[in-house]
Amino acid sequence: MESASYVRVLVVEDDASNRALLEALLRREGYDVSTAANGHDGLRAARSDAADLVLLDIEMPGMNGLEVCRALRADPATVALPVILLTGRTATRDVVAGLDAGADDFLRKPYERAELLARIRSVLRLAEALAEVDGAHGVIAALANAVEAKDELTERHCQRLSTLARELAITAGLPHAEIRPIVLGAMLHDVGKIGIADSVLAKPLPLTEDEWAVMRTHPVIGETICRPLRGSRHFLPVIRHHHEHWDGAGYPDHLRGAAIPIGARIVGLVDAFDAMVHDRPYRPARSVDEALSEITRLAGRQFDPGLAAAFVPLMRGEPVLPDESSWLRSLRPSMARIQSA
């Protein structure tokens, strides 16, 4: 990552004293700093000044920080621009609203200097790493299309999974930048099926135990195929571990509980749901209600119980209750397994 003197930070803050304080602090650390006093000016500056990161206050008149963040994410030129939201709000719903708007991180006021600088460094490191992932996106799309061309019964399965995985990751409160490796992992979760014989892949009857042994090799094959891709270390754990089970009965490594990377837990759950609600050669599709009931039944066995508790109301268009979402705060440390693998 470049040194601070080559990193430009845009501070968007309507309070003059807070704005001046942040500018002085960051300049002392060697950052190149520009400022804006309201949301409209901040949005214009972000689009024209080639900032590397935006510190964005939420509470601003006219156009608030959430609206600015959504506008940045809707613009292809700024869709990947790192954004840290600054706010005095403390309710969990406010944090969720900020992350849902596309923020990469969230810092409550009053903030400590050391924490602010650490968050900035962390977000910049992640943005740099994910730029490598994006560089491989064309190859990823081609591989995903190759999987679907080989297995016509799962046509558009990978695209559906990418959408479902993104929605569940947002509900789980994961920052925008950390969701992208999960989405890419969802696209490529079954790429190892390229190495599985058609006689097994498209068999119109339930597989024998020997055939299941062959089928269970596809996560490892997929990991091997994708390892040479730039930035693949961020989504390889999703590919390898999306068939692990919460109780340790999955494959290929029999990981258990929180030892399974959070991205793999998310993709494993939405993969199972999508498979249940679509026809397979050996069984007809189930209804959405039947599939959600099965996920509830298997929560704590096959699926992360917290993710299952969030996914079921998400698919039914119901709010996730506070007692069902309080566990989500513990998920952020789990993302380190994806980033360090």
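Modeller: A helix axis here is a line fitted to C-alpha atoms over the stretch in contact, and angles between N-to-C directions run from 0 to 180 degrees. Helices (H or I, at least four residues) and strands (E, at least two) are DSSP runs, numbered from the N terminus. This is a predicted model, in which local features need pLDDT of at least 70 and side-chain atom pairs count only at pLDDT 80 or more, while totals for chains, interfaces and linings use all residues. Residues are numbered from 1 along each chain as its sequence is written, and side-chain values use heavy atoms, with hydrogens and water left out.

Colleague: How many helices and strands does the protein chain have?

Modeller: There are 17 helices and five strands in the protein chain.

Colleague: Why are α2 and α3 called roughly parallel?

Modeller: The axes of helix α2 (residues 39–48) and helix α3 (residues 65–74) cross at roughly 25° and come within 9 Å. Angles under 35 degrees count as roughly parallel, over 145 as roughly antiparallel, 65 to 115 as roughly perpendicular and the rest as oblique. The pair α2 and α3 is therefore roughly parallel. Their contact (heavy atoms within 4.5 Å) involves Gly 39, Leu 43, Ala 46 and Arg 47 of α2, together with Val 68, Ala 71 and Leu 72 of α3.

Colleague: What makes one residue in the contact of α2 with α3 polar and one charged?

Modeller: The classes decide this: Ala, Val, Leu, Ile, Met, Phe, Trp, Tyr, Cys and Pro count as nonpolar, Asp, Glu, Lys and Arg as charged, and the others, Gly among them, as polar. Gly 39 and Arg 47 belong to the contact, which has five nonpolar, one polar and one charged residues.

Colleague: What makes α13 oblique to α15?

Modeller: Helices α13 (262–276) and α15 (305–315) pack at an angle of about 45°, with their axes 11 Å apart. That angle makes α13 oblique to α15. From α13 the contact takes Ile 262, Arg 265, Ile 266, Leu 269, Val 270 and Phe 273, and from α15 it takes Leu 307, Ala 308, Phe 311 and Met 315. By class, nine of these residues are nonpolar, none is polar and one is charged.

Colleague: How do you know that α7 and α15 are roughly perpendicular?

Modeller: Helix α7 (residues 157–171) packs against α15 at an angle of about 115°, with the axes 10 Å apart. The two helices are therefore roughly perpendicular to each other. Leu 164, Glu 167, Leu 168 and Thr 171 of α7 meet Leu 307, Ala 310, Phe 311, Leu 314 and Met 315 of α15. Seven residues of this contact are nonpolar, one is polar and one is charged.

Colleague: Why are the buried residues of α14 said to be on the same side of the helix?

Modeller: In helix α14 (residues 288–298), the buried residues are Ala 291, Leu 292, Glu 294, Ile 295 and Leu 298. They cover an arc of only 155° around the axis, which puts them on the same side of α14; the arc is that of the directions from the helix axis to the C-beta atoms. Their cover includes α13 and α15. After α14 comes Gly 300, whose phi is positive, near 90°.

Colleague: Why is Ile 120 called buried?

Modeller: Ile 120, in helix α5, has a relative accessible area of 0% and is therefore buried. Leaving aside neighbours within four places in sequence, Ile 120 is in contact with Leu 26, Tyr 31, Leu 53, Leu 55 and Ile 84.

Colleague: What makes His 254 count as exposed?

Modeller: At 52% relative accessibility, His 254 counts as exposed. His 254 lies in the loop between α12 and α13. Although not a glycine, His 254 has a positive phi of about 55°.

Colleague: Which residue is joined to Lys 109 by a cis peptide bond?

Modeller: Pro 110 is joined to Lys 109 in this way, with omega about -10°. Pro 110 belongs to the loop between β5 (105–108) and α5 (113–135). The peptide bond from Tyr 251 to Pro 252 is also cis, with omega near 10°, and Pro 252 sits in the loop between α12 (236–241) and α13. Most residues other than glycine have a negative phi, and most peptide bonds are trans.

Methods
Buried < 20%, exposed > 50% of the residue type's maximum accessible area, 1.4 Å probe, protein only.
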